[in-house]
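This report describes selected helices, residues and ring pairs of one protein model. Please keep the sequence and the structure in view while reading.

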Amino acid sequence: MNLPYFIARRVALSGSRSLSRLIIRIAVVAVALSLTVMIIASAVITGFKHQIGEKIFGFWGHIHITSAQVNRTTGEASPIELNQPFYPGLEALEPIAYLETNELAGFELPFERKVETHGAIRHIQAFALKPGIIKTKSEIEGIILKGVGEDFDWSFFNQYLEEGAQLDLSGDSLATDGVIISRQTANRLQLGIGDRLIFSFVQDGDLYPRRFTVRGIYKTGLEEYDRKFALVDIRKARELLGWEDWQIGGFEVFIDDLRDLDILTEYIYQEELPASLYCESIREKFPAIFEWLALQDVNEIVILVLMVVVALINMVTALMILILERTNMIGTLKALGMTNWGIRSIFLYHAAYITMTGLFWGNLIGISFCLLQQHFGLIRLSEENYYLSVAPVELSAWTLMLLNLGALLVIMLFLTIPSWLVSRISPVKAIRFK
């Protein structure tokens, strides 16, 4: 029989004095609120990073393959050949094995282990870019036409297509003059489905106009990119660029697992590409937005640490009051021969009960709020500033388990310090204490 646990249960279930009852309730509320905030913060930051990343990767791909001679920007590219040994063969690539080095406290360990990537290449598609100016009867705006072909993966883009339909890119038809513009561009230029616009570009010092018809309007929420890009038939982009049918601007590569991004980028560059081509990950191409997303990890750590500290302060206070209020019981148990650690265990069991009660309510409130946000979108965001119109939440069973176990272990570990007060209580004085 576990005597300390038995006594702790009886103490917890028995009526408490008014002061200790109030302190225990405050401690339960503190633990519950701390865990609630940790669950919500973790779910929102995880969802935020995932959705923003998915938008960027879905629009641009994970890896870009272009000419080695072009400047590493999103401007007009030098042409490369469509017929490449790796196209579309990269899609059949199996997970690759590589040697992984391990680090400990920032120091690289002197051994490596052989591991495999979590996935491989999901899709590869060709593109071409042509910058110019869109002109209507009353407005003018700079834009980049992104030419896409039959291999374009519409599964991502269709979810952001608000009006109209996708372009007809079949090889049996002539190059379409349709264009898909962003909602931001459509609003500024007052354009709708079926409207005509003039796209003008400079070549050899002369200005050349071309007519397009709006076939669709999309909105990803990435305002910085929405206002810059429109989709057209890649054959039309070739005409504007003066390229041959076998020339393109580059390839976009989509991978299965983001954790493999750096490894697969290096593998493609070293093993698959000829010397005339270059590849870079989307993180290298647009570093600013990914640095901004990385800052969210710092925010998450700060929030988690602050919430654990709040719960710790309240639980330490509650435990010390419980010990002081049970001085007579401590003296009696010592007189009967119970060890200091046995008595300390009684209060630690009691503290664990209080902590787990708080964790229960914290889980209930935190998970309920996240589910309500998922289904009803209670918290709205400014899409111009946050790229999303609704605060995203992404619950993970592993994250919930780690938050609960981590909070419980940290709190109980620190509570062993104030429980040391038990060993300082004299049995004679404690029994006489009133």
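## Helix α7

In α7, the buried residues are Leu261, Leu264, Thr265 and Ile268; buried means under 20% relative accessible area, exposed over 50%, and partly exposed in between, with a 1.4 Å probe and protein chains only. Seen down the axis of α7, these buried residues fall within an arc of 105 degrees, so they line one face of the helix. The arc is that of the directions from the helix axis to the C-beta atoms. On the face of α7 turned away from its buried side are the exposed residues Asp262 and Glu271. The cover over the buried residues of α7 includes β1 (63-67), β5, β13, β14 (277-281) and α8 (282-285), where contact means heavy atoms within 4.5 Å.

Helix α7 comprises the 12 residues 261-272, which should span 16 Å at 1.5 Å a residue; its end C-alpha atoms are 15 Å apart, which agrees. The expected span of a helix is 1.5 Å times one less than its number of residues. Helices (H or I, at least four residues) and strands (E, at least two) are DSSP runs, numbered from the N terminus.

## Basis of the model

This is a predicted model, in which local features need pLDDT of at least 70 and side-chain atom pairs count only at pLDDT 80 or more, while totals for chains, interfaces and linings use all residues. Residues are numbered from 1 along each chain as its sequence is written, and side-chain values use heavy atoms, with hydrogens and water left out.

## Helix α13

Helix α13 covers residues 397-415. Its 19 residues reach 27 Å from the first C-alpha to the last, close to the 27 Å expected at 1.5 Å a residue. The buried residues of this helix are Leu400, Leu403, Asn404, Ala407, Ile411, Met412 and Leu415. Viewed down the axis of α13, they fall within an arc of 140 degrees, so they line one face of the helix. The face of α13 turned away from the buried side carries Trp398, Leu402, Leu409 and Leu413, which are exposed.

An α-helix has 3.6 residues a turn, so residues three or four places apart point the same way.

## A buried glutamate

Glu252 is found in strand β13 (residues 250-255). At 0% relative accessibility, Glu252 counts as buried. The side chains of Glu252 and Lys146 are joined by a polar contact of 2.7 Å. A polar contact is a pair of N or O atoms within 3.5 Å; within protein, one must be able to donate a hydrogen and the other to accept it, and residues adjacent in sequence count only if both atoms are side-chain atoms.

Leaving aside residues up to four places away in sequence, Glu252 touches Phe59, Trp60, Ile63, His64, His123, Ile124, Gln125, Phe127 and Lys146.

## Aromatic pairs

The structure holds 16 aromatic pairs. Rings of Phe, Tyr and Trp (its six-membered ring) pair if their centres lie within 6.5 Å; planes under 30 degrees apart count as stacked, over 60 as edge-to-face and the rest as tilted. The rings of Phe86 and Phe251 have centres 5.3 Å apart and planes at 75 degrees, so this pair is edge-to-face. The pair links distant parts of the chain, with Phe86 in the loop between β2 and β3 and Phe251 in strand β13, 165 residues apart. Both Phe86 and Phe251 are buried.

For Phe152 and Trp154, the ring centres are 4.7 Å apart and the planes are at 80 degrees, so this pair is also edge-to-face. Phe152 is buried, with a relative accessible area of 10%, and Trp154 is buried with a relative accessible area of 10%. Ring pairs link Phe59, Trp60, Phe152, Trp154, Phe157, Tyr218 and Phe229 into a cluster.

## Backbone features

A cis peptide bond joins Tyr87 and Pro88, with omega about -5 degrees. Pro88 is found in the loop between β2 (80-81) and β3 (97-104).

Gln190 has a phi near 55 degrees, a positive value in a residue other than glycine. The loop between α4 (183-189) and β9 (196-203) contains Gln190, which is exposed, with a relative accessible area of 63%.

## Cysteines

A search of the whole structure finds zero disulfides, a disulfide being a pair of cysteine sulfur atoms within 2.5 Å. Cys279 is buried, with a relative accessible area of 4%, and Cys370 counts as buried at 0% relative accessibility.
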